[in-house]
Amino acid sequence: MQKLLETVLIGISTGSIYALMSLALVLVWRSTRVVNFAQAGQATLSTYIGFEIASRSEIFWLGLAFAIIAGALVGAGVDYFFMRVLFKHAISGPAAVVAPVIATLGLLGLIRSIVGLIWGGEFKSIAAPASKDGFTIGQTTIPFSALNVLIIATVSLILITLAITFQRTNLGLSLRASAYAPEIAQLAGIRTARTRTIGWAIAGGVGGVAGMLVTSYNFLSPYSLDLLLVFGFIAAVIGGLESMVGSVIGALVLGIGLTFILNYIGTSLVFIGGFVVLIVVLLVKPDGIMARGKTRRA
Amino acid sequence: MSGLLVNELSVSHGAIAALRGISFSVQVGQLAAVIGSNGAGKTTLLRALSGLNKASSGSAQWNKSEILGARPDALVRRGISHVSEGKSVIPELSVRENLVLGGIWRSDKSDTNAAITEVVELFPILGQRMSQSANTLSGGERQMLAIGRALVSRPRLILLDEPSLGLAPIVIEQIFATLDQLRRKLGLTIVLVEQNAMSALEIADTGIIINLGEVVASGKASELINDPALRAAYLGY
Amino acid sequence: MRKKIALFILLGWLLLVIGDRVDELRVYQGAQIAMYTIALSSIVLLTGYSGQVSLGNGAMMAVGGYAAALTLNNLGSPVWFAFLMAIFFSALFGALLGTAAARLSGPYLAGTTLALAVGLPAIANQFSFLGGEPGIFFDVGLPAQSLGEEFTQYKWFFWIATFIALLSLFITSNILASRFGRTWRAIRSNPLAAELSGIHSSRMKILAFTISSALAGLAGAVLAMTISLVAPGAYTLTLSFALVTGAVLAGVSSLPGVLLGALILVAIPEIADVLANSWGGGENFSNYLPGLIVSLLLILSVIFTPNGPGENLRRHHHKKASEH
């Protein structure tokens, strides 16, 4: 019973970080129709910047703030200087369909190499903002710690902020309208290109938080966020790639599911478990759990 | 002349010329009906005027300033609203959100709210559906919502693309009556693109008949209706 | 057909002659070029012809490498049989994946194969029979005595790799020129029309996936041969990136282009080394400069010549032809 409880709790903590990455992917997908694999690279760069600030000031939250700002700037920059150029070159021919995806992959490689050139490959770590020692219930200590609580709280705060922004503000309405129907949005007077760049900035900032939170209990290297990207993608697919709420639910389900595998079966099967979930969802419910009977187009 | 002045406007899609040197004018406060069959270039004309399509040559002036080459979002700020083909609402958003969208470029929120109230007076049915998703509306209600959204931006010139498409005759009548009223009460200038030639010309001040990207006839709507040659050739009855 | 065979034999002979004239390092790089040629033709077949994108070719190569090494070590089989098993198991794996992939479009397939590329090498770490992090040996043995005393190990690798590469190029070019190749192109350029004209597009896509992974697996085994080892570290995401880059540089749908792509991939670390040395950079430079160059090349080529450098030339020709 106690093991079940701690599995669920840890699962929620892990899943909440996946939620941020999958949200970032969904935000960009909705506005640009590209799965932005560079999101992991952007998050890595932001996290390194956050790491520098956090380790110099010895204040984790200051590092987090800088990671958000850096993530937003990098995200906006990628859209403004990179995606716009890519889409401007009217692409046709055999590579047309795959070009944007490949381009974001190239960007992932580029950012990661730059990070490697600046900071090198050795593992870095950031002092956690809260204790990693598990809580003690009665006689026993469970692995769920104050840090996990803090992670869940931080993610919840960000999700609430995003929900309010998207549902209650004009910026949120512009973002949604531009994603659903760019032409109508433009006819309504929305500067859709600028709105899209703002969307990329939000996604970048959210990705930066995900990177910092992972790094609060794990080491940081140019490659350390690869798995986060993969699990974020799987979570987004579970949610149907279009739905922000769905991606958060998908992430929590995935986080809890993978923690179950970790605690009850073994470390070696965690990744395979995630991959199997991905394949099963794609084959059985390709539109994700939020689908309302619409069919997916390419 | 103040109003809309289109001169030798040409648009091409790749190698195909969709519009070849279209010229016409619409005075402020008048309703011009652009009539033509499928593929005549009516939609392309509106899309060029609202900035969605690039013109290859020619000019178009609204109140003496050039509008070709400006982006749609900039033209909205200059009082030009385009209700695009096929009930241009966003089904994923609520009715209220669709309406708010019309005034989203404005910094003054209260003005938008006032404009929404006016739209609801014009189309009371929308008032009952405010928090519903636009997805749940009927075809006629969607068209009202699309026009309503355009009105929230308080335009001086409205470009309307086939508002009658797929609607029941009684609903078409209602919408056209509203357009008529808008022109009379608010002094709006309206360019109405229609295949439904008869109903459109009945409320229009002027008519412009285009075929294969060229203006084949234009003049007072009442005269066009009564021209037997035109009726036979282009109006189809 | 006969002409083609003659051409390939001539090409092989030429390569062997060149192999005799250059130093050991170049011979070794020749084997690498051969390996990349096989791996890139695998992508050309999949992306260029059937229009499916796979970012996980490194993972496919790993399947082939491990299959070959396990066969050789556990069954004590001849070397050629190990290569056959590499083809067999990666083809099987590809068929399974292709069955899922045939139903996936654009972003889903890209994401799934990327997940595979990230995860599969890591999985090898977890299972003891795969040798964990250090991997397992893959020793194809010394060159035959009859080739003489001076025939080095690297030259032996080069011979085997070149032979396999030429053979796979030959077979691939025949497949692409056949009914299958035409069908794939039809599906890629207009899926609906292809479906309407009676083509089982999902079956054809699975076939493309299967052949493509068989080639990738073979390349994986050749890679294992040249480093005498299969280990997770040999089949990283970086390798998958490099392969995608090579394919884009090769022009995605051009088989002769893969030679160019392979050449560039082998040249990049060399160039990076020279640059790193001349800038006096430290360890970071030599570790990350190749990756930087690869990604820059990938980005630039995907933006400016998404269909390969050949496309611009062809377009130029068309323009000239139409002017006359």
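How many residues of chain A are in contact with chain C? In this predicted model, 44 residues of chain A are in contact with 47 residues of chain C. On the chain A side of that contact, four helices each supply at least two residues: α3 (60-88), α4 (99-119), α9 (226-238) and α11 (270-284). Of the elements of chain A, α4(A) gives the most to this side, with 14 residues. Sorted by class, the residues of chain A that touch chain C are 32 nonpolar, 10 polar and 2 charged.

Chain A also touches chain B. Here 15 residues of chain A are in contact with 20 residues of chain B. Two elements of chain A give two or more residues to the side that touches chain B, namely α6 (170-180) and α7 (182-187). The greatest contribution comes from α6(A), with 6 residues. By class, this side of chain A has 8 nonpolar, 4 polar and 3 charged residues.

The next topic is the nonpolar interior. In soluble globular proteins, nonpolar side chains tend to be buried together. The largest nonpolar core in this model has 205 residues, and the members that touch the most other members are Leu20(A), Ile234(A), Ala68(C), Leu218(C) and Val222(C). Helix α9 of chain C, residues 201-227, provides the largest share of this core, 15 residues. Which residues does Val222(C) touch, leaving aside those up to four places away in sequence? They are Ala34(C), Met35(C), Ile38(C), Ala161(C) and Ile164(C).

Chain B contains an open sheet of 4 strands, in the order β2-β1-β4-β5, with antiparallel pairing. Which strands stand at the edges of this sheet? They are β2 (16-27) and β5 (65-66) of chain B; each has a single partner strand, so one side of each is left without a neighbour in the sheet. Elsewhere in the order, strand β1 (residues 3-13) and strand β4 (residues 57-62) of chain B pair in the antiparallel sense over 5 bridges. Within this part of the sheet, Leu4(B) has Trp62(B), in β4(B), as its bridge partner.

The sheet also carries a helix. Helix α1 of chain B, residues 42-49, packs on the sheet and touches β1, β2 and β4 of chain B. The direction of α1(B) makes about 70° with that of β2(B).

Note on methods
Residues numbered from 1 in each chain as written. Chains lettered and ligands numbered in written order. Predicted model: local features only at pLDDT ≥ 70, side-chain atom pairs only at ≥ 80, totals over all residues. Contact = placed C-beta atoms within 7 Å. Nonpolar A, V, L, I, M, F, W, Y, C, P; charged D, E, K, R; others polar. Core = buried A, V, L, I, M, F, W, Y, C linked by C-beta atoms within 7 Å. Buried ≥ 20, exposed ≤ 12 C-beta atoms within 10 Å, placed from the backbone. Pairing = 2+ DSSP bridges. Axes fitted to C-alpha atoms, helices over the stretch in contact; angles between N-to-C directions.
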